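What follows is a short report for a reader meeting this structure for the first time. Please look over the sequence and the model before reading on.

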Amino acid sequence: MSDAPRHRKSLGQCFLTDRRIADRIVALADLTPQDRVVEIGSGAGILTRILARQAGEVIAIEIDPRWHARLEPEFHAAPHVRLVRGDALDYPFEAIPSPYKVVANLPYYISTPVLFRLLEARARISRMVLMLQREVVDRMVAGPGSKAYGTLSLTVAYAAEVRKAFNVPPACFTPRPAVASAVVIVTPRPVPAIAVRDEPTLVNVIRAAFSHRRKILGNALKDGGF
């Protein structure tokens with residue numbers, strides 16, 4: 001890839017280069033020719049190529065116009081692959097026909113905001129297979145009483161079932177990241193774990209409750225405006 005664009009640190013670009021890991025990630029999505037799949041951060045296309053061979057429709061979102069342009073000629077003759085130049089934080093996931101699956105190596109600096117965006121659209125999503133910073137995955141799967149248990153753990157558990165699949169070492173990426181990664185499977189719940197009248201309020205209560213771990217819960221909620 002001598003003519004490949006330079007990786008942009010400002011966009012958190014660390015691209016997966018290990019084909020075996022890419023195959024394992026896509027296998028976890030359990031794709032069929034009837035599936036529609038959304039990829040976030042197509043980058044150099046290592047996952048895009050595998051998804052294109054297995055799914056009936058692929059929507060690959062890439063914010064960097066250089067990498068988007070690099071993939072366009074390769075998929076020009078593949079009508080079932082749609083390359084989208086855009087920001088996943090602004091993308092209308094709610095407008096994608098349901099059901100669909102999500103497979104992504106998320107840029108770590110926006111991974112949590114994107115995850116929350118996807119959870120908002122979870123009624124349309126049957127499964128997510130996401131590669132994230134290992135610390136974030138550990139927080140997602142953490143149980144009550146553990147140090148990692150917090151806002152992310154509880155919010156994700158309310159909306160979905162989550163399972164850590166495997167760790168991915170830094171050597172599997174270019175450029176090599178300073179942190180370890182992990183792959184997680186997120187399966188949205190048909191019905192939330194508990195019934196609530198107002199989900200945004202629930203999320204705000206959770207955030208307030210964990211914002212000051214050393215405080216009495218009542219005081220933490222009071223500081224949060226409740």
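Proline 175 has its place in the loop between strand 8 (173–174) and strand 9, where helices (H or I, at least four residues) and strands (E, at least two) are DSSP runs, numbered from the N terminus. A cis peptide bond, with omega about -10°, joins threonine 174 to this proline 175. This is a predicted model, in which local features need pLDDT of at least 70 and side-chain atom pairs count only at pLDDT 80 or more, while totals for chains, interfaces and linings use all residues. Residues are numbered from 1 along each chain as its sequence is written, and side-chain values use heavy atoms, with hydrogens and water left out.

**Backbone features**

Another cis peptide bond joins serine 98 and proline 99, with omega about -5°, and proline 99 is placed in the loop between strand 4 and strand 5. Aspartate 30, although it is not a glycine, has a positive phi of about 55°. Most residues other than glycine have a negative phi, and most peptide bonds are trans. Aspartate 30 belongs to the loop between helix 1 (19–29) and strand 2, and with a relative accessible area of 48% this aspartate 30 is partly exposed (buried means under 20% relative accessible area, exposed over 50%, and partly exposed in between, with a 1.4 Å probe and protein chains only).

The model contains an open sheet of 7 strands in the order 4-3-2-5-6-9-7, with mixed pairing; two strands pair if DSSP finds at least two bridges between them. Strand 4 (81–85) and strand 7 (160–168) stand at the edges, and because each has a single partner strand, one side of each is left without a neighbour in the sheet. From one strand to the next the twist averages 15°.

Strand 9 (residues 181–188) runs antiparallel to strand 6 (residues 125–133), and 6 bridges join the two. Within this pairing, valine 129 has isoleucine 185 of strand 9 as its bridge partner, and leucine 130 stands opposite valine 184 in strand 9. Strand 7 and strand 9 are also antiparallel, joined by 8 bridges, and here phenylalanine 166 stands opposite valine 183 in strand 9. Strand 9 is mostly covered, with 7 of its 8 residues buried.

**Helices against the sheet**

Helix 3 (residues 65–75) lies across strand 3 (57–62) and strand 4, and runs at about 160° to strand 4; contact means heavy atoms within 4.5 Å, and axes are lines fitted to C-alpha atoms, for helices over the stretch in contact, with angles running from 0 to 180 degrees between N-to-C directions. Helix 4 (residues 111–120) also packs on the sheet, where it touches strand 2 (36–40), strand 5 (100–105), strand 6 and strand 7, and its direction makes about 175° with that of strand 6.

Helix 4 is largely enclosed by the rest of the structure, because 7 of its 10 residues are buried; among them are Val114, Arg117 and Leu118. Helix 6 (residues 151–159) is likewise largely enclosed, because 7 of its 9 residues are buried, including Ser153 and Tyr158.

**Helices against each other**

| Helix pair | Axes | Angle |
|---|---|---|
| Helix 2 (residues 46–54) and helix 3 | within 12 Å | roughly 30° |
| Helix 4 and helix 6 | 11 Å apart | about 25° |

With this angle, helix 4 is roughly parallel to helix 6, since angles under 35 degrees count as roughly parallel, over 145 as roughly antiparallel, 65 to 115 as roughly perpendicular and the rest as oblique. Helix 4 passes helix 6 in a left-handed crossing, a crossing being left-handed if the near helix is turned anticlockwise from the far one by less than a right angle, and right-handed if clockwise. The contact is made by Thr112, Leu115, Phe116 and Leu119 of helix 4 together with Leu152, Thr155, Val156 and Ala159 of helix 6. These residues divide into 6 nonpolar, 2 polar and no charged, where Ala, Val, Leu, Ile, Met, Phe, Trp, Tyr, Cys and Pro count as nonpolar, Asp, Glu, Lys and Arg as charged, and the others, Gly among them, as polar.

The crossing of helix 2 and helix 3, by contrast, is right-handed. Thr48, Arg49 and Ala52 of helix 2 meet Leu71, Glu74 and Phe75 of helix 3 in this contact, and the residues of the contact of helix 2 with helix 3 divide into 3 nonpolar, 1 polar and 2 charged.
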